[in-house]
Amino acid sequence: HPVPDVPKRAPFYRRIGLGRFFRSALDVLYPAACVGCNVPLGEADGVCPACWRQLPFIEKPYCERLGTPLPADFGLPLLSAAAIKDAPVFGRARAVARYDDLARELVHRLKYGDRLELALPMGRWMARAGRDVLNDATLIIPIPLHRRRYWGRRFNQAGLLAKSIGKQTGCPVAAHLLKRIKSTQSQVGLTRNERLKNLQGAFNVAAKHRRHIAGARIVLVDDVMTTASTANAASRVLLRAGAASVDVLVFACVAKAG
């Protein structure tokens with residue numbers, strides 16, 4: 001009698017699942033470590049106590065419009081002098097931390113140090129800090145780079161953060177709807193009028209994409225908000241394209257307490 005075929009045992013990586021196999025391999029090669037100082041931790045994407053104290057988290061009270069910290073709770077509505085003097089185009093902004101200490105370092109590592117893996121924990125913190133604006137959102141859109149800058153950097157840090165936030169919340173991410181069609185110079189050191197002129201005509205929503213924008217409650221995502229000029233320019237274009245509302249969520253914002 002012929003010997004019956006004996007099914008071969010599936011390879012180890014198939015028995016445990018391909019994803020688990022590679023995750024296990026990565027855990028061996030790259031053990032869980034603090035995202036700030038790389039000391040070993042019990043879980044991935046965590047922060048050790050020493051680095052946690054170096055993160056200048058923004059907590060209430062903060063300005064309801066700009067998300068910047070306030071020195072005390074003076075009652076409702078909680079608005080900073082900056083928001084009253086120069087109201088933003090967008091509805092609300094939220095940030096994880098002030099752009100200082102370890103928060104600044106993490107942004108620089110992601111943006112200039114090719115530490116793309118940092119987008120996952122940074123996006124997780126952003127999802128928590130922006131819970132109130134994300135609860136109302138129907139669409140997440142990252143602030144886009146001009147194609148020349150994208151070719152030079154090879155990635156858009158805002159896009160990576162938006163993807164991470166989308167995974168945390170389940171809110172759709174649409175990076176293709178908003179385009180930066182003008183290559184702008186750095187905003188650092190420019191006056192208010194110079195910033196406005198620099199960003200004039202920088203963003204665009206193509207006619208074919210307007211139907212996706214119409215009626216949407218959008219959260220714009222970026223790594224840092226300094227003067228809010230970029231967020232205002234992008235928000236203005238989205239609102240003109242028919243968005244019902246635009247809020248902003250960043251990892252860090254330039255602001256002094258008070």
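Reader: How many aromatic pairs does a search of the whole structure find?

Author: The search finds 3 aromatic pairs. Rings of Phe, Tyr and Trp (its six-membered ring) pair if their centres lie within 6.5 Å; planes under 30 degrees apart count as stacked, over 60 as edge-to-face and the rest as tilted. One of the pairs is that of Trp-52 and Phe-57, which is tilted, with 4.8 Å from centre to centre and 45° between the planes.

Reader: Which residues do ring pairs link into a cluster?

Author: The cluster consists of Trp-52, Phe-57, Trp-125 and Phe-251.

Reader: Why is Trp-52 called partly exposed?

Author: Trp-52 is partly exposed because its relative accessible area is 44%. Buried means under 20% relative accessible area, exposed over 50%, and partly exposed in between (1.4 Å probe, protein chains only). Phe-57 is also partly exposed, because its relative accessible area is 24%.

Reader: Before we continue, what kind of model is this?

Author: This is a predicted model, in which local features need pLDDT of at least 70 and side-chain atom pairs count only at pLDDT 80 or more, while totals for chains, interfaces and linings use all residues. Residues are numbered from 1 along each chain as its sequence is written, and side-chain values use heavy atoms, with hydrogens and water left out.

Reader: How many helices and strands are there in the protein chain?

Author: The protein chain has 12 helices and 6 strands. Helices (H or I, at least four residues) and strands (E, at least two) are DSSP runs, numbered from the N terminus. Of the 258 residues of the chain, 43% count as buried.

Reader: Which residues of helix 6 are buried?

Author: In helix 6 (residues 119–129), the buried residues are Ala-119, Pro-121, Met-122, Gly-123, Trp-125, Met-126 and Ala-127. Trp-125 also belongs to the ring cluster.

Reader: What covers them?

Author: The cover of these buried residues includes strand 1 (93–98), helix 5 (101–112), helix 7 (131–135), helix 9 (157–169), strand 5 (217–225) and strand 6 (245–253).

Reader: Helix 5 it is, then. Where is Ala-103 found, and is it buried or exposed?

Author: Ala-103 is part of helix 5. Ala-103 counts as buried because its relative accessibility is 0%.

Reader: With which residues is Ala-103 in contact?

Author: Contact means heavy atoms within 4.5 Å. Leaving aside neighbours within four places in sequence, Ala-103 is in contact with Leu-55, Pro-56, Ala-97, Arg-98 and Phe-251. The C-alpha atoms of Ala-103 and Gly-36 are separated by 9.2 Å, and these two residues are 67 apart along the chain.

Reader: Now the loops. Where does Thr-68 lie?

Author: Thr-68 is placed in the loop between helix 3 and helix 4. Thr-68 counts as buried, because its relative accessibility is 14%. Beyond its neighbours within four places in sequence, Thr-68 is in contact with Tyr-62, Cys-63, Ser-80, Cys-253 and Ala-255.

Reader: Which residues does a cis peptide bond join?

Author: A cis peptide bond joins Lys-60 and Pro-61, with omega at about 5°. Pro-61 lies in the loop between helix 3 (49–52) and helix 4 (81–85).

Reader: What is the phi of Asn-38?

Author: Asn-38 has a positive phi of about 70°, although it is not a glycine. Asn-38 is in the loop between helix 2 (18–29) and helix 3. Asp-114, another residue other than glycine, has a positive phi near 55°; Asp-114 lies in the loop between helix 5 and helix 6.

Reader: Last topic: which residues line the largest cavity?

Author: The lining consists of Leu-145, His-146, Arg-149, Arg-180, Ser-183 and Thr-184. On a 1 Å grid over the protein atoms alone, a cavity is a set of points where a 1.4 Å probe fits but cannot get out; lining residues have an atom within 4 Å of a point.

Reader: What is its volume?

Author: The largest cavity has a volume of about 40 Å³. Grid points are joined across faces, edges and corners, and a volume is the space filled by probe spheres set on the points.

Reader: And where does Arg-149 lie?

Author: Arg-149 lies in helix 8 (residues 147–153). Arg-149 is partly exposed, because its relative accessible area is 44%. The C-alpha atoms of Arg-149 and Ser-183 are separated by 8.1 Å.

How values were computed:
On a 1 Å grid over the protein atoms alone, a cavity is a set of points where a 1.4 Å probe fits but cannot get out, and a pocket is an open set with protein on both sides within 12 Å along at least five of seven lines; lining residues have an atom within 4 Å of a point.
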